[in-house]
Amino acid sequence: MELTEEQKDMLEGKNGNAVKKSMSILVALGEIYGAKGLIPVTSVQISGVSYDNLGDAGLEFLDEMAKDGKIRVKTTLNPAGMDMENWEALGIDPEFARKQKLVIEAFEKMGVEATCTCTPYFIGNKPDFGDHIAWGESSAVTYANSVLGAKTNKEGGPSSIASALTGFTAEYGLHLDENRQAHFVAEVKAKVDNPMLFGALGNVIGRIAKGRIPLITGIKKATTEDLKGLSASIVTYGGAPMFHIEGITPNKTSVPEERVVVDKEDIDNAVKGMNDAEDAEFIFIGCPHCSIEELKKISELLDGKIVKKELWIGVARPIKKIADKRGYSKIIEVSGAKLACDTCHVVAPLKGRFHSIATNSAKGIFYGRGKNNFKTIFRTMEDCIKLAVGE
Ligand code: F3S
């Protein structure tokens, strides 16, 4: 792989140990994937932030990198294992909280903005079309590639940190235009008009895609929240972290010959397959983290009601602050629902605490089952809230 003088200096340790280690991670990855060189990135989103996933070995690695590592580009974090301010209200164990705080402190020492969210594009970490970036969380990566038209592979924790500390990533995979072309057309012949149904669509197309990129046709309209739900689902159920929607997403693609039809029966079957519980002990909305419009809607649905089940709303802290100012948070909190900043039902240590979940997120269903052994109910946001208030 060809390196510039600046990159060679980094690799030789002229910019300190953390940069040296970072450069060796990037060069190793580049060589594995046949990259010609390293390219600058404008933004990083680091995954692998929850102590539940990192453990002590991960924390040690971060401490090592934080000794002399400083970020060189805008960098935010994926959700952590708890709300960093309000963890006690979410029932988090104090020892877990102590370790999670050490993780965040290590990132802060590197200069990382300690906002933990899978929707960095809602809080100012929003790349422009064509930007090369190094993001980690799969839904955010898919949204960035497909909806924003930025270019990123799905980075792991160490490689995203390496990009943050050097400002570079290896040029392979979805950084190259030839790898961003659609492989098949998915013609949608079903009504898909809310984030839950877009999640079901992602389930169907992801399983057909098996790592390939679809060009989706037949969708006339999609909101930001719909595209967020589709991004999370399609990659979770087997697609590449990229899709095209004719007339909606901004990337250009050649039109492949292979064609599949997705009809109402496919969507209904996907929805059916994601439901295997009669009732839910725990309800989670905000996978990926909620937009301010979603918080507005949730506050309207909860206004004057009291929840009878544990209901968490996942959201980035800066979005919650906007909701505080607009009065949405108060209505939500008076109902007994909990605004869970910085975290979510998948990265928080919830195994064994609940046995069933209701959510409007197809990704949330997949990991709720896989990580936490939950039985699942997959419904619209409105129906999940009804379940929470006992209607
Ligand atoms: Fe985000 Fe957690 Fe879902 S990281 S996409 S809320 S599983």
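At what angle do helix H2 (residues 17–32) and H3 pack, and how far apart are their axes? The legends below describe a predicted model, and the first view gives the answer.

**View 1. Helix H2 packs against H3.**
Helix H2 (residues 17–32) and H3 meet at an angle of about 120 degrees, and their axes are 6 Å apart. H2 is therefore oblique to H3. On the H2 side, the contact is made by Asn17, Ala18, Lys21, Ser22 and Ile25. On the H3 side, Phe61, Glu64, Met65 and Asp68 take part. Sorted by class, the contact of H2 with H3 has four nonpolar, two polar and three charged residues.

**View 2. Helix H3 packs against helix H4.**
Helix H3 (residues 51–68) also packs with helix H4 (residues 94–109), at an angle of about 35 degrees. The axes of H3 and H4 are 9 Å apart, and the crossing of these helices is left-handed. From H3, the residues in contact are Tyr51, Asp52, Leu54, Asp56, Leu59, Leu62, Asp63, Ala66 and Lys67. They meet Phe96, Lys99, Gln100, Leu102, Val103, Ala106, Phe107 and Lys109 of H4. The residues of the contact of H3 with H4 comprise 10 nonpolar, one polar and six charged.

**View 3. The largest pocket has a volume of about 430 Å³.**
The largest pocket is lined by 24 residues. Closest to its centre are Asn78, Glu137, Val346, Val347 and Lys363. Two elements, helix H5 (138–148) and helix H13 (362–372), each give two or more residues to the lining of the largest pocket. H13 provides the largest share of this lining, with three residues. By class, the lining of the largest pocket consists of 10 nonpolar, 10 polar and four charged residues.

**View 4. A cis peptide bond joins Cys287 to Pro288.**
The peptide bond from Cys287 to Pro288 has omega near -10 degrees. Pro288 is found in the loop between strand E10 (282–285) and helix H10 (292–302).

**View 5. Lys210 has a positive phi.**
The phi of Lys210 is about 45 degrees, although Lys210 is not a glycine. Where in the chain does Lys210 lie? Lys210 is in the loop between helix H7 (195–209) and strand E7 (214–217).

How values were computed:
Residues numbered from 1 in each chain as written. Predicted model: local features only at pLDDT ≥ 70, side-chain atom pairs only at ≥ 80, totals over all residues. Heavy atoms only, no water. Axes fitted to C-alpha atoms, helices over the stretch in contact; angles between N-to-C directions. Helix = DSSP H or I, 4+ residues; strand = E, 2+ residues; numbered from the N terminus. Left-handed = near helix turned anticlockwise from the far one by under 90°. Contact = heavy atoms within 4.5 Å. Nonpolar A, V, L, I, M, F, W, Y, C, P; charged D, E, K, R; others polar. Parallel < 35°, antiparallel > 145°, perpendicular 65-115°, else oblique. 1 Å grid on protein atoms, 1.4 Å probe; cavity = no way out; pocket = protein on both sides within 12 Å on 5 of 7 lines; lining within 4 Å. Points joined across faces, edges and corners; volume = space filled by probe spheres on them.
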